[in-house]
Amino acid sequence: MTHQIRIVDVFTDKPLAGNQLAVVLDAKDIPVRLMQRIAREMNFSETTFVLPPEDPAHAARVRIFAPTVEMRFAGHPTIGTAWVLANEGLVAADVKEFTLEENVGPVLVRRDGSMCWLTNPPLSFGDVFPHAQVAATLGIDESDIISSIPAQIVSTGNPMLFVALGDIAAVDKATSDRERLEKLLRGDRAFGVYLFASVGENRLYSRMFSPDIPEDPASGSGGGPLGAFAVKYGLVPREPNVSLISEQGTKMGRQSLLHIELTYGESKDIPERSDVGGSVMPVLSGTLSDFP
């Protein structure tokens, strides 16, 4: 049996920018080990496989694979797959909100004009890392890290270590080294390191490194945690509703714009809701070969 495959760029309204994603449609008969091999062949940060939902009220079940591991949750694959399902007519045109089943659980997505949005699973703050250790891992000076802000893990299902730097130059100076990253994050404490700087009113400049992906052009699952981290530590003013933009991937020539919306209630640190959205551009439509 052959399978349709779509390649799209996520978090961009310009062709051949943003974060690449391969979406394999009607993948219910593809064995899991073959899914992983296909993801390795594509060699994008993630590849998704669309299966029938377990709950008929949901649009689809989606399995997400990085080149060497299956993911519980990831942002740009969720948004890109939602866009593909809508673009292929697999979600009715009048349906603006629908649910995708992922390993992390049900994920709500919505369409808003040319953009797709996801609502993150619940957010939590985790371990704090020494600045000196983080700086050595990233190949920067400890003084490049804002001293008053801890390097801390934040997660909505895909934990990342967030590091606030002083300016764009410090962010661009950082280097991704797999051995150093594995040592820092040993024991799967986090998927990667998300480093960023504040560059204007409610605007951030970001990069993300991980042992599996040397540099990620756009980290959608990090968007909600990034926004909450920036609000918690005073880089973005806390209000009942916060909107901000994170620019990522520019250093590697794939500029991405992540739109982040946070809704706060009683807690000053944990938003009641965090949404991440972006535009999607189609790149390729084709057929995946039938593998033995």
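Nineteen is the figure to begin with: the largest pocket is lined by 19 residues, and those nearest its centre are Val69, Met71, Asp188, Ala190 and Phe191. A pocket here is an open set of points on a 1 Å grid over the protein atoms alone, where a 1.4 Å probe fits, with protein on both sides within 12 Å along at least five of seven lines; lining residues have an atom within 4 Å of a point. Strand 5 (70-71) and helix 5 (178-184) are the elements that each give two or more residues to this lining. Helices (H or I, at least four residues) and strands (E, at least two) are DSSP runs, numbered from the N terminus.

This is a predicted model, in which local features need pLDDT of at least 70 and side-chain atom pairs count only at pLDDT 80 or more, while totals for chains, interfaces and linings use all residues. Residues are numbered from 1 along each chain as its sequence is written, and side-chain values use heavy atoms, with hydrogens and water left out.

The second largest pocket has 17 lining residues, with Asn43, Pro67, Asp212, Ile213 and Pro214 closest to its centre.

I turn now to helix 2. Of its 13 residues, 12 are buried, so helix 2 is largely enclosed by the rest of the structure. Buried means under 20% relative accessible area (1.4 Å probe, protein chains only). Among these buried residues are His76, Trp83 and Leu85. After helix 2 comes Gly89, with a positive phi near 75°.

How values were computed. Buried < 20%, exposed > 50% of the residue type's maximum accessible area, 1.4 Å probe, protein only.
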